[in-house]
Amino acid sequence: ASGGWAAWLLVGVVAVVAIGVVVAMVATPRVFRPFWHRPHGPNRPLRADGLSSSWGTKYVTDPKTDFGMVYEHVEFEQGDHTLRGWFVPATSENVERAETLMATECARRLDDEAAASDCETNDDWIDRNRKTVAIVVHGAGRDRRAFLRHLPSFTRYGVPVLMFDMSGHGQSDGGGVL
């Protein structure tokens, strides 16, 4: 009789593990490809319609349209497919544009002490990091525009930014993470 409860315990544990595996198999594709995940492909423009509301609506186009910053279209090979993105150099014009944008945003938030502290710059940091490049990678179901709103935060410090689409996202080739 004492071996009977152990067998039922084992059956229960196996059942819970099996249910967990089935749930993971069903949920994982939704995590990596949420309902708003629509790869554009290399020949279609990145569009703002159909994006999740968490993206906001202000900065969803490109660095030139959204911020007036020059950028280059880039692509590089990853295995048997091509990843595509933007490289935003830290030209004096881009740095000046970012500083203007950040000053405007900071003036708007002066009443919020915590937000205003984000507006302080450190010239020593700027000088030491001229050789730094920020490589910005989006999450699952997104594309290179996911962090576009943060571009001025890097550029105002003279940091060039590479923003690209992961495999199967945005305009990059491939089947995605899974």
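Guide: Rings of Phe, Tyr and Trp (its six-membered ring) pair if their centres lie within 6.5 Å; planes under 30 degrees apart count as stacked, over 60 as edge-to-face and the rest as tilted. This is a predicted model, in which local features need pLDDT of at least 70 and side-chain atom pairs count only at pLDDT 80 or more, while totals for chains, interfaces and linings use all residues. Residues are numbered from 1 along each chain as its sequence is written, and side-chain values use heavy atoms, with hydrogens and water left out.

Visitor: How many aromatic pairs does the structure hold?

Guide: There are two aromatic pairs. In one, the ring centres of Y71 and W86 are 5.6 Å apart and the planes stand at 65°, so this pair is edge-to-face. Y71 belongs to the loop between α2 (63-67) and β1 (72-78), and W86 to strand β2 (residues 81-88), so the pair ties together parts 15 residues apart in sequence. Helices (H or I, at least four residues) and strands (E, at least two) are DSSP runs, numbered from the N terminus.

Visitor: And which residues form the other pair?

Guide: F76 and F164 do, with centres 5.3 Å apart and planes at 70°, so the pair is edge-to-face. F76 lies in strand β1 and F164 in strand β4 (residues 161-164), so parts that are 88 residues apart in sequence are tied together.

Visitor: How do I read charged side chains?

Guide: Side chains of opposite charge can pair when their charged atoms come close. A salt bridge is a side-chain nitrogen of Lys or Arg within 4 Å of a carboxyl oxygen of Asp or Glu. The structure holds four salt bridges. One of them joins E75 and R84 (3.5 Å, N to O), and another joins R84 and D173 (3.0 Å, N to O). R84 is in strand β2 and D173 in the segment after β4, so this pair ties together parts 89 residues apart in sequence.
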